[in-house]
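I opened the notebook on this structure to look up charged pairs, a nonpolar patch and some backbone angles. My entries follow in the order in which I made them.

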Amino acid sequence: MTHELKTWDEFMMDIATGKKPFEVRKNDRGYSVGDVLLLNGWNQNKEVHTGRVIEAEVTYILNGGAWGVMDGYVVMGIKVRSYNF
């Protein structure tokens, strides 16, 4: 399954270079290993898309409710497939 998500633009370079190999999200979409995330750069101050896009595959899921992760949230390990800046 593919999920299109807004991602704060300040994190886009760290995700693209592998410095930030994870995403923390509310699990309102039933994320699974093998899903694809289309991360669309978002300027939260101007409330506009920046045009930056990262395609990443979910490689790991840590469900909330333990390990300091709030119930209803997930920490997803991700592997970048491509990016367009």
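Elements first: I take helices (H or I, at least four residues) and strands (E, at least two) as DSSP runs, numbered from the N terminus. I am working on a predicted model, in which local features need pLDDT of at least 70 and side-chain atom pairs count only at pLDDT 80 or more, whereas totals for chains, interfaces and linings use all residues. Residues are numbered from 1 along each chain as its sequence is written, and side-chain values use heavy atoms, with hydrogens and water left out.

Entry 1, backbone angles. I looked up W67 and found it in the loop between β4 and β5 (73–84), with a phi near 60°, which is a positive value in a residue other than glycine. For burial I use relative accessible area with a 1.4 Å probe and protein chains only: buried is under 20%, exposed is over 50%, and partly exposed lies in between. W67 counts as exposed because its relative accessibility is 77%. I then turned to E47, in the loop between β3 and β4 (48–63), where phi is near 55°, again a positive value in a residue other than glycine. E47 has a relative accessible area of 57%, so I list E47 as exposed.

Side chains of opposite charge can pair when their charged atoms come close. I count a salt bridge when a side-chain nitrogen of Lys or Arg is within 4 Å of a carboxyl oxygen of Asp or Glu, and by this rule the count comes to five. One of them joins R52 to D9, with the closest N and O atoms 3.8 Å apart. This pair links distant parts of the chain, 43 residues apart, with R52 in strand β4 and D9 in the loop between β1 (2–8) and α1 (12–16). R52 is partly exposed, because its relative accessibility is 26%.

Which residues does the network of salt bridges link? I noted K20, E23 and R25. K20 meets E23 at 2.6 Å, N to O, and E23 also bridges to R25, where the closest N and O atoms are 2.9 Å apart. K20 counts as buried because its relative accessibility is 14%, and E23 is buried with a relative accessible area of 4%; R25 is buried as well.

I located D35 in the loop between β2 (22–26) and β3 (36–43). With Lys and Arg counted as positive, Asp and Glu as negative, and His and the chain ends not counted, D35 is buried yet has no salt bridge, and the nearest side chain of opposite charge, R29, is 9.1 Å away. What does the side chain of D35 reach at 2.9 Å? I found the backbone nitrogen of S32 there, and the backbone nitrogen of M1 is reached at 3.5 Å. Taking contact as heavy atoms within 4.5 Å, and not counting residues up to four places away in sequence, I listed M1, H3, G30, A56, E57 and V58 as touching D35.

F22, V24, M70 and Y73 form a nonpolar patch on the surface, together having about 380 Å² of accessible area, from the Shrake-Rupley method with a 1.4 Å probe, where for residues only the protein chains shown count as cover. V24 lies in strand β2, and I record V24 as partly exposed because its relative accessibility is 47%.

Definitions and conventions. A polar contact is a pair of N or O atoms within 3.5 Å; within protein, one must be able to donate a hydrogen and the other to accept it, and residues adjacent in sequence count only if both atoms are side-chain atoms. Patches are made of residues with over 30% relative accessible area and no salt bridge: like charges are joined within 9 Å, nonpolar side chains (Val, Leu, Ile, Met, Phe, Trp, Tyr) within 5 Å.
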